[in-house]
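These are my notebook entries on one protein structure. I set down what I looked up, topic by topic.

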Amino acid sequence: MNILIVGGGMGGTILANNLARRLNPELKSGKVRIIMLSASERHMYQPGLLYVAVGKMMPDEMYRDQRSLLEPTIEFSVDPVEQFNLDQNSVKTKSGATIKYDIMAIATGSRMAPETIPGLAEGAETFYTEDTAVKMFKTLQGFQGGKVVITVGVPHKCPMAPLEITFMLNDYFKERGIRDKVQLHYTYPIGRVHSLENVAKWAAPEFDRLGITYETLFNMKEVDVANKVLRSEEGTDTKYDLLIAIPAHRGMEVIEKGGLGQNGWIPTNRTRLNMEGRNNVYVLGDTTNIPISKAGSTAHFEAEALGENIAAIVKVGTPVRDYDGKVFCFIQAGKDKATYASFNYSNPPDPKAPSRAIHWFKLAYNKLYWSSARGLL
Ligand SMILES: Cc1cc2nc3c(=O)[nH]c(=O)nc-3n(C[C@H](O)[C@H](O)[C@H](O)COP(=O)(O)OP(=O)(O)OC[C@H]3O[C@@H](n4cnc5c(N)ncnc54)[C@H](O)[C@@H]3O)c2cc1C
């Protein structure tokens, strides 16, 4: 039996290792193969990008060799899928190979799509890739004062990143001794400062306390790069000296162009995580269309549920549990304080006051992540 995992990021890696442990006897006897196809030989710890953008981490600290994170029984190739042939239970890869599967899990992640807003790619700094995070840091270093606008499009991965980068910028400018010369202004598309109500209730007074201004119901429409003006769909605009954007995301092109899901989001059953209408195709991580946070922890908890279910299908022919929508996100609330949000389909988050202890725990997790990816946490 071939179990194919497409994508070697957070979801795919945790799922593959989880399955390799559960199915060790079947792998050893040759009854099962676990095949992983990915697009990169390196694995990036993406939360590191926030720190790279403010000069607190070097880019190389974010990477590990993907092979080193995987159980030796997993057959890993850097050979991205170019075509999904779901009716034939096969995929075609960049190298021209056709790989057949009995069960497939898709975890190809998501990408920012600044091109959907005129002027955004040219006019704004972003930090969701290594190159853009490094570029943003260099721009920050040359910035001597003025209005910094942080603007957010939805959906995007990491629900907390817009708040975190805003708090981190507050500290960055304080450390440079120019906070009094900088106006920090935050815009968000819905009628509060965060999509999760309790997080918004916690964050708005923090913004007030730190002198960060904000504007809600602001959906990016266009950036007038020449005049440094950001306009909204609602008819408002804001001038900026430095624009920092978290553009709306899409799934990967191979998903979008292959017709697996609109804008690259694959229709996915919210508890069983199978692709709607397919019983042997599972989806996890950012590329599902489930309306929950696109976060590493979502991918992690989905991978654990799927690992248990796919192993059970191999061993007894039926899945054994549901995914309950569990998500856990740290929220870096400045350079030395953090809090967290933990929630699921039935229970909303209830973030507590930020503390140093949680900040240190988050810093520790930045290192522990590699154990988590190996499936050891
Ligand atoms: C700045 C930033 C901060 C973040 N902070 C947090 C945080 O604090 N907490 C948290 O929980 N989450 C955080 N996240 C989000 C988290 O990193 C993602 O949600 C998570 O990585 C999603 O996992 P995934 O497996 O779906 O996708 P990814 O981890 O993005 O992996 C996708 C994989 O698919 C591969 N791939 C792509 N195309 C193909 C193809 N055609 N064929 C085969 N393979 C392919 C890629 O090479 C990659 O290995 C953050 C993200 C960013 C950018």
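**Domains and their contact**

I began with the domain division: domain 1 comprises 2-109 + 252-324, and domain 2 comprises 112-249. I note at the outset that the model is predicted. I then looked up the contact, to which domain 1 contributes 19 residues and domain 2 contributes 22 residues. The C-alpha centres of domain 1 and domain 2 are 31 Å apart.

I next turned to area. The size of an interface is often expressed as the accessible area that is lost when the parts come together. Here domain 1 and domain 2 bury about 1500 Å² between them, and 69% of this is on carbon and sulfur atoms. Which residues of domain 1 lose the most area to domain 2? I found L50, A53 and V54, which together account for 37% of what the domain 1 side buries.

**Polar and charged pairs across the contact**

I looked up the polar pairs and recorded 4 residue pairs in polar contact between domain 1 and domain 2, with both residues at pLDDT 80 or more. On the domain 1 side that touches domain 2, strand 3 (42-44) and helix 3 (48-53) each supply at least two residues. Helix 3 gives the most to this side, with 5 residues.

How many salt bridges are counted between domain 1 and domain 2? I noted 1 salt bridge. I also looked up the side chains of K56 and E175, which meet in a salt bridge at 3.0 Å, N to O.

**Salt bridges in the whole structure**

Side chains of opposite charge can pair when their charged atoms come close. My search of the whole structure gave 21 salt bridges. One of the pairs I examined is formed by the side chains of E164 and K362, at 3.4 Å from N to O. E164 belongs to helix 7 and K362 to helix 11 (residues 356-373), so this pair ties together parts that are 198 residues apart in sequence.

I then inspected the loop between strand 11 (146-152) and helix 7 (161-175), where P155 lies. The peptide bond joining V154 and P155 is cis, with omega of about -5°. C158 is also placed in the loop between strand 11 and helix 7. I recorded a phi near 60° for C158, a positive value in a residue other than glycine.

My last entry concerns strand 20 (residues 327-332) and strand 21 (residues 338-343), which pair in the antiparallel sense over 6 bridges. Which residue of strand 21 is the bridge partner of F330? I identified Y340 as that partner. Strand 20 and strand 21 form a hairpin with 5 residues between them. In the turn, G334 has a positive phi of about 125°.

How values were computed
Residues are numbered from 1 along each chain as its sequence is written. This is a predicted model: local features need pLDDT of at least 70, side-chain atom pairs count only at pLDDT 80 or more; totals for chains, interfaces and linings use all residues. Side-chain values use heavy atoms; hydrogens and water are left out. Two strands pair if DSSP finds at least two bridges between them. Helices (H or I, at least four residues) and strands (E, at least two) are DSSP runs, numbered from the N terminus. Domain bounds come from an automatic or database domain assignment. Contact means heavy atoms within 4.5 Å. Buried area is the accessible area (1.4 Å probe) that two parts lose on being put together, summed over both. A salt bridge is a side-chain nitrogen of Lys or Arg within 4 Å of a carboxyl oxygen of Asp or Glu. A polar contact is a pair of N or O atoms within 3.5 Å; within protein, one must be able to donate a hydrogen and the other to accept it, and residues adjacent in sequence count only if both atoms are side-chain atoms.
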